Every structure is written in C-alpha cells, then in structure tokens.
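Okay, thanks for coming, everyone. Let me put today's structure up on the screen, and then I'll walk you through it.

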Amino acid sequence: MKRDKLLAGIGRLVSVETAPYSEMFVRAALHSWLEELGLGYDVDASGNTLVRVRRGMPRRQVGFVAHLDHPAMRVESVSAGKVTCRAEGGLPTVGVRNTKVVFPRTRHGRIKGTIESAKVVSPDGRARLERLVVRVDARGPRPEIDDFAVLDLPAMTRKGHRLKLRAADDLAGVAAIVAALTDLAKGVAPVDAWGIFTRAEEVGFHGALALAIDGRLPRDMNIISVECSRAMDGIELGDGPVVRLGDRSGPFDPRACALLTGAARSLNEGRNKFAFQSALMSGGTCEATAFTSFGFLAAGIAMPLANYHNQGARSVAPEEIDMRDLEGAVTLIQTTALRAGGGIEDVDLLRNDLVRSSEDGREKLRRPVDATTGVPVASRF
C-alpha cells in the first residue's frame, strides 16, 4: 500500500475516539475501510473483527493481531459540575491535573472538561491512575454514568517521518495489518493470512482471550501480535520495526520467533537492506502472551513508541511513531505471511545449520581420552 493511502487509513481510524468495550465506533471506521479495499470480514460473538486472505495451497496459516481500544475514562458518578471516572487501561500519571478531556459520545453530543484531581496507586510498584475527577460546566449538559472520556488531543499530525497520534497504540498496528493484507490479496504466492482485530485489550486482553478459548482459530496457527510498544531496552524510533521475542511476562514461542526473525533476515539478503530491531521489550505485556498461554505459537512485531499511553516527559502528550517503522512493519507482515504460506520452518533451518557446522567438533568429542594425560589419544603437540 502506498504511503498516502496508508496515512489516509490511519487518519480514518484515529479520528474516531475509542475505549475498552466502546470500540464499535472505530470498528465501524475499520469495516468501511475494509469494504473499500475489497477485503471481506466477519465479526465473532465477542465483537472481534476477523479478516482472511487465502490463496493457492499454503502450507501454514498465520494470524496478525491488533486491538481496537485505547486507555480511557469511564463515568462512575455525576454531580453539579463534577464527574468522577475510573481509569480503563494505563493512563498518564504525571502532569494530568488541568488536562483537557472530552466525552465524545454522550446523549448531548460532545462535552468537554478538565481533570481537577487524580488518584494514583502503586499496588505492584508501578504507578497507575485509578480514579479522577473531571470538572465540566455546571450550567451545561453533563455526561451520564457509563459514558467514556478520552484525552483531548489532536487526532494526527505529521512532521517529517514522525507521526503524532492520539492513539497510536494500537491503531497504527491495525492499519499496518490492513495495508499488508491488501497487498497480499493482490499477489500470486500461496498464503493464508488472517487479520484479527480485538476488543478490550487494555483492560485484560478480553477479546484475545475470547478467541483463544472459543476455538474459532486453528490451534496450529502462528499468532503474531502487531502493536506499538514503549521504546526501551536499546530500541530506537526510526531504526525499523522490532521482532519482539517476549514481554514482561516472559519469552514467546521459539518457532514463531524464528519465523519472524527468518522473515526479517530474508529481507536483508543480497543487496537488499531492511532495517529491523530485535528485543524482548519487557516494559509491558501484549496479546502474544495471552495466546501463548493457551498453546498457540505466538510472537510479536512492535513499532517503537514515544509517549507511551500519552505520557510525555512532564505532562500528557500524543503518542509518537516513525513512519519508516510503520512501513517496515507492513513489509515484515507480508514477508512473514508468505514465508508461512511457503512452509518454511526457520527453527528446522537453524537446527540443520547447527548440525552441519558442528560435525567436526562432535567428531572430536568421540576420540578416546588417554587416562594418564587426560587428552584425546593421538593428539599432536
């Protein structure tokens, strides 16, 4: 997909406010985009969207997962001029007082407010925003219980290679998967690739867990989480997408990791130059962990992210990614799908290389050892 179309697609997604359990609005924007691109889709009983591109006689299936929600605030109580909300997902904890928010989907339309106070807790040593009080116009319309609010930030701005987005995590991942599936649908090589767009990831991977439990996905499918993740562990914006080998919960499946690594390295063969990074990225947990827990072969592709979950250095800020990392993620998704469809087993290739390279060394281990000298018989000095 060309850059201008990819940017237009991201713009469509991020222009719609989203929240855990309230993804139907951005999901409608996704469905409209899929229809224009000619990609069919299905919606499961939990509201997850599934897209499948299948052609020829592929050897293996691969599913690319991204989520449709972003951390938000859910209304718990309303009084004159004051709205108490609970945090849904990891919201900023530093510099949040006096931050502007908007309730985008109330019975009265859009209602703006300002964060007056915030309660931050650290039950596991990690600071987390638990509840907050939003000040609204006491004489104007007020939101109602169960309405949601989001940070009042620009949907998308661009400067050079940098994209600043209200919700890069994970709508940039959604756009990368859609772009890759669109290009795969135009090819001729055998492929069986799924786009899996889940709900309520920010509050416990609920959409992903519903899919892992209900048997909708083939058990031998490789699952690749595609998301934005805080740039850390030596990872830099602009140095390429990350082959994510694990997260805070631990390592991912070695076969799935090998598939991703093999795809990234294959893009560097000959005169080709493909920038990518590789890391565990232990700052958070992603949907690959949820699927790995249920026996799926799962790994991850991550786009390095600045201002993770809108937390800037001292205040709230848009999330930021590099356009080159996004386009690299699209390329890596396509190559991974084609590699899976071709039946390439990168773990087996690695094993074969190790066997061939160790033939002489293993032969030396079989030499009889002189009991007196402690060295192999017939060794020469």
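**Salt bridges and the overall picture**

So, the structure holds 29 salt bridges, where a salt bridge is a side-chain nitrogen of Lys or Arg within 4 Å of a carboxyl oxygen of Asp or Glu. Before we get into those, keep in mind that this is a predicted model: local features need pLDDT of at least 70, side-chain atom pairs count only at pLDDT 80 or more, and totals for chains, interfaces and linings use all residues. Residues are numbered from 1 along each chain as its sequence is written, and side-chain values use heavy atoms, with hydrogens and water left out.

Now the overall picture. We've got nine helices and 19 strands in the chain; those are DSSP runs numbered from the N terminus, H or I of at least four residues for helices and E of at least two for strands. Of the 381 residues, 52% are buried, and buried means under 20% relative accessible area, exposed is over 50%, and partly exposed is in between, with a 1.4 Å probe and protein chains only. The C-alpha atoms fill a box of roughly 95 × 50 × 45 Å along the principal axes.

Okay, back to the salt bridges. Take Glu 144 and Arg 107, whose side chains meet at 2.8 Å, N to O. Glu 144 sits in the loop between strand 8 (128-135) and strand 9 (148-151), and Arg 107 in the loop between strand 6 (100-106) and strand 7 (109-121), so this pair ties together parts that are 37 residues apart in sequence. Are these two buried or exposed? Glu 144 is partly exposed at 34% relative accessible area, while Arg 107 is exposed at 63%.

Next up is Arg 255. Its side chain meets that of Glu 345 in a salt bridge, 3.0 Å from N to O. That one links distant parts of the chain, 90 residues apart: Arg 255 is in helix 5 (residues 254-266), and Glu 345 is in the loop between helix 7 (323-341) and helix 8 (346-357). Arg 255 is partly exposed, with 32% relative accessible area, and Glu 345 is partly exposed too, with 25%.

Which other residue does Arg 255 form a salt bridge with? That's Asp 348, with the closest N and O atoms 3.7 Å apart. Here helix 5 gets linked to helix 8, across 93 residues. Asp 348 counts as partly exposed, at 25% relative accessibility. And through shared partners, salt bridges join Arg 60, Arg 255, Glu 345, Asp 348 and Arg 351 into one network.
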